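Please follow the description below with the sequence and the coordinates side by side, moving from one element to the next.

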Amino acid sequence: MAVIGGGNTAVDAARAALRLGAKPLILYRRTREEMPAFASEVHEAEEEGIEISLLTSPVKVISQNGRAAQLECVKNRLGPPDEDGRRRPVEIKGSNCTIEVDQVISAIGEEADLSCLSKQVGIRDNTVPRTSAGHQTGRVFAGGDIILQPHTVVHAIASGKRAAIFIDSHLRKENWEGLFEALRVGEKGSLSMKRYLQEERERVPLSGKTVLLKDLNLDYFEYQKRLKMPKAKSSRRTTSFEEVNLGFNEETAVEEARRCFNCGVCNLCDNCYIFCPDVAIQKGKEGELNIFDYDHCKGCGICMEECPRDVIVMEVEGR
């Protein structure tokens, strides 16, 4: 069996076929470095004995008695980068060869069939254009792979959420102007369905800042190595569809969870209270945040520097 492609779908198809008793061969037209599949998935496939033929492109299927019998292929070399930044495969003349196959699975991507949509939608490059109204174009609410965005599950779910929020507000005849801004969480435009379902007065103001590793004061953390996920043996994996990653037991899961920095979340370490030279920070009640006395604070920034998790932010006030 030949599986054509180098993405996660191709690797999944090959691994599934292996478990069903086939002997799959993955054909990919570029090198391993250009494979869009996750490196861990490729590694696991090779652990299971799946062969990958790189710099190989299929030319035609040769059939016998109405069934695939051989696959004619050519070898490639890498040329200049194409539109997505990866080097383009260039056919090597005279490198044709044939591979014995009984089945061929094509996993080279898909395109949506948008022929049912009106031309008024304004389809461009086989995608539905987005408008300022979220994901609505006329009476079409679009999302997922048919709008111009990365073709991932995360982006598909996010576009579905945006469309659902807009459809709901549209049917309720509510004003959606500025609605998405009130629902945003973080810097990348994620929307909170919980905030949408809340009354406007219940929505607590959120900071748009995302705390990064460089923002943390790592002097207050001990290095803890990431625990290795236990996996099923390859000999066992190839004969069943059981989970490859076996998961952690409770003790190990808790130990791994303790590695979390809790970025941007105060854990009441009291560094701000201890280091403040102006005694401008008062202890809060048990379990509550400390209180800043701005009448005595001179803005030295020591509390911010000594905060392990970048909870404290200083802003210049207008005069």
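In this predicted model, helix α2, which spans residues 39-47, has V42, E44 and A45 as its buried residues. Seen down the axis of α2, these buried residues fall within an arc of 165 degrees, so they line one face of the helix. An α-helix has 3.6 residues a turn, so residues three or four places apart point the same way. The elements against which the buried residues of α2 pack are α1 (8-19), β3 (51-53) and α6 (234-237). After α2 comes G49, a residue whose phi is positive, near 95 degrees.

Is S235 itself buried or exposed? With a relative accessible area of 55%, S235 is exposed, because the cut-off for that class is over 50%. S235 can also be placed relative to P89, from which it is separated by 146 residues in sequence and, C-alpha to C-alpha, by 35 Å in space.

The description now turns to a pair of strands. Strand β4, covering residues 56-64, and strand β5, covering residues 67-81, pair in the antiparallel sense over 8 bridges. Within this pairing, K60 has E72 of β5 as its bridge partner. The two strands, β4 and β5, form a hairpin in which 2 residues lie between them, and N65, which is in the turn, has a positive phi of about 55 degrees.

Methods: Residues numbered from 1 in each chain as written. Predicted model: local features only at pLDDT ≥ 70, side-chain atom pairs only at ≥ 80, totals over all residues. Heavy atoms only, no water. Pairing = 2+ DSSP bridges. Helix = DSSP H or I, 4+ residues; strand = E, 2+ residues; numbered from the N terminus. Buried < 20%, exposed > 50% of the residue type's maximum accessible area, 1.4 Å probe, protein only. Arc of directions from axis to C-beta. Contact = heavy atoms within 4.5 Å.
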